[in-house]
Amino acid sequence: MSGSRNTQDSVVKAINDTRNKIFELIDESNDGDNYPEALECLTALQKKCIVDQESEQFNNFLCRLWNFNRNLHNFCGYLASRGLTLIPKADFLDSQVTEKDEPKVE
């Protein structure tokens, strides 16, 4: 049982580390020069969260990015143009996200 807990702890740590790296890339971006690398990290995080059955973790983080207090409009537009979305129920049964829940770039 403790092995399962250690595995869960390592998944949570990996998710948190990746989130921190994404925020760092966005914060240090100059005219979007770090956006491609941040997108790669987000895509890897999305895949990892699906494999580890943590779609809610990814979806909450992506929503947090979209609603972040700093001006991330350009980054969110970049994500939308590259097709990165929340993990929908259609792709992962445990997800609570439907198409209508997707954030919109205005």
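**Salt bridges and a buried glutamate**

Me: Which side chain meets lysine 21 in a salt bridge?
Reply: This is a predicted model, in which local features need pLDDT of at least 70, side-chain atom pairs count only at pLDDT 80 or more, and totals for chains, interfaces and linings use all residues. Residues are numbered from 1 along each chain as its sequence is written, and side-chain values use heavy atoms, with hydrogens and water left out. A salt bridge is a side-chain nitrogen of Lys or Arg within 4 Å of a carboxyl oxygen of Asp or Glu. At 3.7 Å, N to O, the partner of lysine 21 is glutamate 24.

Me: Is glutamate 54 buried or exposed?
Reply: Glutamate 54 is found in the loop between α2 (35-51) and α3 (55-66). Leaving aside neighbours within four places in sequence, glutamate 54 has contacts (heavy atoms within 4.5 Å) with Gln8, Val11, Ile15 and Cys49. On the scale where buried means under 20% relative accessible area, exposed over 50% and partly exposed in between (1.4 Å probe, protein chains only), glutamate 54 is buried.

Me: Which side chain of opposite charge is nearest to glutamate 54?
Reply: Lys and Arg count as positive and Asp and Glu as negative, while His and the chain ends are not counted. Glutamate 54 has no salt bridge, and the nearest side chain of opposite charge, 7.5 Å away, is arginine 19.

Definitions and conventions:
Helix = DSSP H or I, 4+ residues; strand = E, 2+ residues; numbered from the N terminus.
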